[in-house]
Amino acid sequence: MDSRLDGAVGGKTATVLQRAFGMRTVGDLLAHYPRRYARHGELTPIRSLPVGEQVTIIAEVKRVTERRMQARKGMILEVIIGDGNGEMSLTFFNQQWRAKDLTVGRRGIFAGKVGMYKGGLQFSHPDYELFDSAVEIEPERWANTPIPIYPATSAMASWQIRRSIELVLDGIDENIADPIPEPLRTSRGLLPAYQALVGIHRPESLEQAERARDTLRLQEALVLQTALAQQRVAVRALEATPRPEGDLLQRFDAALPFELTHDQEAVGEQIGHSLVAPWPMNLLVQGEVGSGKTLVALRAMLQVAQSGGQSALIAPTEVLAAQHLRSIAKSLGPELAPLLMPTLLTGQMTAAERRKAALRVASGQALIVVGTHALLSDKTTFADLGLVVVDEQHRFGVEQRETLRAKGTAPHALVLTATPIPRTVAITVFGDLEVATLRTMPAGRAGISTFVAPVAEKPGWFARVWERATEEVAKGHQVFVVCSAIDTDQATAETEEEAPPVEGEAQRPRWGVVQVAETLATLPTFAGIRVEILHGKMPSEEKDAIMRSFAAGEIDVLVATTVIEVGVDVPNASTMIILDADRFGVSQLHQLRGRVGRGSVPGLCLLVTEANVGTPARARVEAVAATLDGFELAEVDLELRGEGDVLGDAQSGVRSSLRLLRVMKDQDVIELARDVAEKILAEDPMLTKHPGLAEALSRHMTQTERAALAKT
């Protein structure tokens, strides 16, 4: 399984497989599982093929014609294939010899990019593999034998991958090590490892293929959960400095002008116990926007500061870092702030300001340090870093987090996220972290009402959206207007980040920040209303100044990109208008909506969309309008987008390990694997009695992937 691929399939094929799929070993190739199965006796519906996409289909040759090219010398061979209902053409230039095989009545697999020609579907120079024309033995069995269809590219078709897999499958040892313990495999009716590989790549029936999938799915879950369990054990082997509670936290709690929510108390108690343990805390705190995650983190910082330890909070943007510092200083008050000396450290500070701040940090004067990526600089050193707090974990790669943690000796780690994570994602991706949840919202919140404005169906609603904005301003409130692009008149429709494609619609966003600001300037109803724009390409000082002005009530309407998504706190903002709402993901829409309704002013969110009813794009928007429960939306998001997007690039090690496992559909398998992995490691920490699992771990969990897990 660890043999080099070029020795098994030849150098040329191995090179193509490596470029297309990153495969290097026989094991990599055998882990490239079929996407689906076809049968010799079935035909693929041609009319439903998506134009512009690479597809693999089964069809029958209906007609074959040759004709001379009009513009230049040569012949065109046109082959019409069909499924009994629809037809499409295959076009070959100067390849008349193909007519000998492509005869009327022959069936086969055809692969290529679907194009359009004279109103009909077309493959130009497709790859194909024809079935045997005469099947004399057991024709019914032949017709129903599953044909594996693999994820393929234009450089290598599905059957070419199949031939390579057939080649290596015949050459591997049938007694390959099995990662699943035999008692578990037998009790669940699963296949031995070799039979599972044969069953998924060369099945005699769909039932055999499904049984093989079940086996390999559990293998995958067990390998991943064992790696995560090993990481939890490794963390507990580290020695951390205990940070007991003291009067700092008691004085802070006594001065709070409100009572902690039940969840804040419970999570605070959990953190308090973890900070006095002999190993480092590794905790993910998830909670809705406004549920008090920052307060929970600040209480942890006070406990660490009691023994002279420093806490570093890293935020994704300069605006958010500055806001965190102001919020922390205000919460500490005039009595505690001078003792902890909260200090800001960002890349946009002047050289003199940075030197002064860095000296405070290095000397240990600053017990609370807030910053952006500047905290990761080699020049930034700490006297006694005891706690690392990462705000909005999905914005930081694992390497950046580890760089900050390496500045202390086994510091405690607290990761905050306002994007609720379904349990199965949490134990699959963040399985080496403990997870704490803040569900209870603080008292006094007025709540948010959300409505979809389907302006394609009801054009008149667009004017009403702006009327509502002016009505809110007239009441003394403020309004956010969010766009997915900065300027749609530019050739590339400059955007802050990659937006999801809009199914069935033009790919360019309709509205940019520039266009909205220009439009509002022409509306008579907006005369006298103070409108400003904000986007990620502006200088940091300008962005910070605009957000400060908006927070101070000096701006009525802020037209912005998603730069305002995270952490901006303006209690007087009552309305969130999101244009081209279908271009955003579910969790992103929920995050943006959370910017309003933060004080005693009721919140209003208007999701403006031109997406058609019934499309996935419209479904995302309607899902957000249907509920304010972020945890419910996290499940919806996972179902709509699939875990590939939800897991994200930062979890690259985990993501590349998910082949067959689906975190929503396979909850029972994942939880079973977690339990089994913990029991195995408790009894056999070195896996000496489980050589198959140890071998699978070394093969599937590379050093890079283990590093990704270790730094999560």
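**Salt bridges first**

Modeller: Start with Glu129 and Arg162. They form a salt bridge, with the closest N and O atoms 3.0 Å apart. This is a predicted model, by the way.

Biologist: Where do Glu129 and Arg162 sit in the chain?

Modeller: Glu129 is in strand S8, and Arg162 is in helix H5 (residues 158–169). The pair links distant parts of the chain, 33 residues apart.

Biologist: Is Glu129 buried or exposed? And Arg162, buried or exposed?

Modeller: Glu129 is buried, with a relative accessible area of 13%. Arg162 counts as buried too, at 17% relative accessibility.

Biologist: How many salt bridges does the count come to?

Modeller: The count is 25. Another one joins the side chains of Arg202 and Asp170, at 2.8 Å from N to O. Arg202 lies in the loop between helix H7 (193–201) and helix H8 (206–237), while Asp170 is in the loop between H5 and helix H6 (182–187), so the pair ties together parts 32 residues apart in sequence.

Biologist: What about accessibility for Arg202 and Asp170?

Modeller: Arg202 is partly exposed at 29% relative accessibility. Asp170 is exposed, at 57%.

Biologist: Which residue does Arg618 meet in a salt bridge?

Modeller: Glu457, with N to O at 2.6 Å. Arg618 is in helix H20 (residues 616–626) and Glu457 is in the loop between strand S17 (448–454) and H16, so this pair ties together parts 161 residues apart in sequence. Arg618 is buried, at 5% relative accessibility. Glu457 is partly exposed, at 41%. There is also a network: salt bridges with shared partners join Arg464, Glu467, Arg468, Glu471, Glu472 and Lys475.

Biologist: Switching to rings. How many aromatic pairs does a search of the whole structure find?

Modeller: It finds 6. One of them is Phe110 with Tyr128: ring centres 6.1 Å apart, planes at 35°.

Biologist: Why is that pair called tilted?

Modeller: Because planes under 30 degrees apart count as stacked and over 60 as edge-to-face, with the rest tilted. At 35°, Phe110 and Tyr128 are tilted. Phe110 is in strand S5 (residues 107–113) and Tyr128 in strand S8 (residues 127–130), so the pair ties together parts 18 residues apart in sequence. Phe110 is buried at 0% relative accessibility, and Tyr128 is buried at 16%.

Biologist: What is the geometry of the Phe462 and Trp466 pair?

Modeller: Edge-to-face, 5.8 Å centre to centre, with 85° between the planes. Both residues lie in helix H16 (residues 460–474), 4 residues apart, about one turn of the helix. Trp466 is buried, with a relative accessible area of 7%. Ring pairs link Phe462, Trp466, Trp511 and Phe526 into a cluster.

Biologist: Now H24. What should helix H24 span?

Modeller: H24 (residues 667–683) has 17 residues, so at 1.5 Å a residue it should span 24 Å. The end C-alpha atoms are 25 Å apart, which agrees. Its buried residues include Val669, Ile670 and Leu681.

Biologist: Last thing, confidence. What is the mean pLDDT of the chain?

Modeller: It is 82, and 85% of residues reach 70 or more. Over residues 491–506 the pLDDT is below 50; that stretch has 44 contacts in the model beyond near neighbours in sequence. Residues 644–656 are also below 50, with 27 such contacts.

Methods
Residues numbered from 1 in each chain as written. Predicted model: local features only at pLDDT ≥ 70, side-chain atom pairs only at ≥ 80, totals over all residues. Heavy atoms only, no water. pLDDT = per-residue confidence, 0-100. Contact = heavy atoms within 4.5 Å. Phe/Tyr/Trp six-rings, centres within 6.5 Å; stacked < 30°, edge-to-face > 60°. Helix = DSSP H or I, 4+ residues; strand = E, 2+ residues; numbered from the N terminus. Buried < 20%, exposed > 50% of the residue type's maximum accessible area, 1.4 Å probe, protein only. Expected span 1.5 Å × (residues − 1). Salt bridge = Lys/Arg side-chain N within 4 Å of Asp/Glu carboxyl O.
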